[in-house]
Amino acid sequence: KNYELALADYSEAIRVNPGHVDAYINRGFYYYEQKNYEFSLNDFNQAVDVYKLVENKISLCLLASNIFTSAQQYEFAKTYVEKAFNFADSDHQQYKSIYLENIASAEELDLKNQEIEAKKKQLDKKSTELNNLIAMFAHNFLGTLQCIRSNAEHENNPKIHLKTVKMMSGALTAFSIISADDDKLVEQLKQDRSGETNLLQCLANNIALAISQLLSKTNKDKIINLYLNALQKTGQITPETTGEDLRFNEDEWNKWQALQTQWDDEFNALFSEKVELTALIEWINTHFFAIEIVGFDKYPIHFKEYGITDSIFLVVLMETLVNALKYIDVTANKPLTLRLCKENNAYQLSCENPSRQESYRGTHKGMDFLQTIAKKLNGEFINESTENNFKSTFIIPAELLD
């Protein structure tokens, strides 16, 4: 099984004796096993030439034809059939067509198998996309229902509920189009280029919705790192207190619960019918961590509120922001940066998150789904992870927004 040593020995045998037919055959099989079919073909040809008996020439040619058929190298196989029957007498020429038909049948079967495999991969891809779509649909709507429930329990302005319902109604339309028709999705984005909202307001709405979802009692465990950091900074718990202490120590749990209620009440007071980004950023800076918004006010992009563009960005931003809030490393003392820029005729919306763990957690269905959306828009969704930083970038052709 030491192929390199065997190759050297066969090559040396051929050098010493150019008529060493077995060395040519063995080296030909060596090249064949290494999938170096051109070299294998050459050595079998040499062996055929060295053989003196016609029967041996024919046998080797037909053997070579069989092994190249097995390797799906059909043109080589046909070449050897032709070569074999060049040596055969007229009485045996009738069998030539049988050999060629067998090769053609093998080739046809191989093509059918390739088509079946390609269709299977396509179906697997569609199945994965559908699973991710369902997961994202459930994820988005469950969070929104929790948000509406929280606002109802706090007896907040009913207009807040209506705004949330309108946002998710638009998202429902987007999910429907994403799952059905790529061309329709692109066409509707191209037509949605004027309206009463812009990316800055869209960003504010989605930041508010993401935080509102995570501040609910149901989701408070997902951002326990933020509660832990705030309680430690205010001296309510010791620097040594862990997330497990908050979960299972009654005194610590009560402090966590009180802070959750306080934050939920404060934030829901901000989540009005029109979210003010300045007040939103100030609240995040005070309670969570530093956040930077760069470039969203630079580009005059407008679209319909709750329309297809607004809804696509809702899906993209919600997944990106919720992950950032869940996995941010607040001890790094670095800001969460949301940036919009235009390069190479495409808009790039990025979220840079000081985190050591985001790329290793979760099912990744959300990230996979965003990649699916980006591909449908002829764009890209890129994740870049380092030891202490995670960056995701959604790239969309400028012609869909300008």
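The model is predicted: local features need pLDDT of at least 70, side-chain atom pairs count only at pLDDT 80 or more, and totals for chains, interfaces and linings use all residues. Residues are numbered from 1 along each chain as its sequence is written, and side-chain values use heavy atoms, with hydrogens and water left out.

## The chain as a whole

The protein chain has 15 helices and seven strands. Helices (H or I, at least four residues) and strands (E, at least two) are DSSP runs numbered from the N terminus. Of the 402 residues in the chain, 46% are buried. Buried means under 20% relative accessible area, exposed means over 50%, and partly exposed is in between, with a 1.4 Å probe and protein chains only. Among contacts (heavy atoms within 4.5 Å) between residues at least 6 apart in sequence, 69% join residues at least 24 apart.

## Helix 2 and helix 4

Two packed helices are described by the angle between their axes and the distance between the axes. The axes of helix 2 (residues 21–33) and helix 4 (residues 54–70) come within 12 Å and cross at roughly 10°. Helix 2 is therefore roughly parallel to helix 4. Axes are lines fitted to C-alpha atoms, for helices over the stretch in contact, and angles run from 0 to 180 degrees between N-to-C directions. Angles under 35 degrees count as roughly parallel, over 145 as roughly antiparallel, 65 to 115 as roughly perpendicular and the rest as oblique.

Helix 2 contributes I25, F29 and Y32 to the contact, and helix 4 contributes L60, L63, I67, F68 and S70. By class, this contact has seven nonpolar residues, one polar residue and no charged residues. Here Ala, Val, Leu, Ile, Met, Phe, Trp, Tyr, Cys and Pro count as nonpolar, Asp, Glu, Lys and Arg as charged, and the others, Gly among them, as polar.

## The sheet

Strands of a sheet pair through backbone hydrogen bonds, either parallel or antiparallel. In this analysis, two strands pair if DSSP finds at least two bridges between them. An open sheet of five strands has the order 2-4-5-7-6, with mixed pairing. Strand 2 (291–294) and strand 6 (380–386) are at the edges with a single partner strand each, so one side of each is left without a neighbour in the sheet. On average, neighbouring strands of this sheet are turned by 15° against each other, direction ignored.

| Strands | Direction | Bridges | Facing residues |
|---|---|---|---|
| Strand 2 and strand 4 | parallel | four | I293 and L338 |
| Strand 4 and strand 5 | antiparallel | seven | K342 and Y347 |
| Strand 5 and strand 7 | antiparallel | eight | L349 and F394 |

Helix 14 (residues 308–327) packs on the sheet and touches strand 4, strand 5 (346–353) and strand 7 (389–397). The direction of helix 14 makes about 20° with that of strand 5. Strand 5 is mostly covered, with seven of its eight residues buried. The hairpin of strand 4 and strand 5 has two residues between the strands, and N344 takes a positive phi near 50° there.

G379 is in the loop between helix 15 (365–376) and strand 6. With a relative accessible area of 18%, G379 is buried. G379 and F394 are 15 residues apart in sequence and 7.7 Å apart in space, C-alpha to C-alpha. Leaving aside neighbours within four places in sequence, G379 is in contact with A374, I395 and P397.

## Aromatic rings

A pair of aromatic rings is described by the distance of the centres and the angle of the planes. Rings of Phe, Tyr and Trp (its six-membered ring) pair if their centres lie within 6.5 Å; planes under 30 degrees apart count as stacked, over 60 as edge-to-face and the rest as tilted. By this rule there are twelve aromatic pairs.

The ring centres of W263 and F288 are 5.2 Å apart and their planes are at 65°, so this pair is edge-to-face. W263 lies in helix 12 (residues 250–270) and F288 in the loop between helix 13 (277–287) and strand 2, so the pair ties together parts 25 residues apart in sequence. Both W263 and F288 are buried.

F267 and W283 also form an edge-to-face pair, at 5.1 Å centre to centre and 65° between the planes. F267 is in helix 12 and W283 in helix 13, so this pair ties together parts 16 residues apart in sequence. F267 is buried at 1% relative accessibility, and W283 is buried at 7%. Y227, W256, W263, F267, W283, F288 and F289 form one aromatic cluster.
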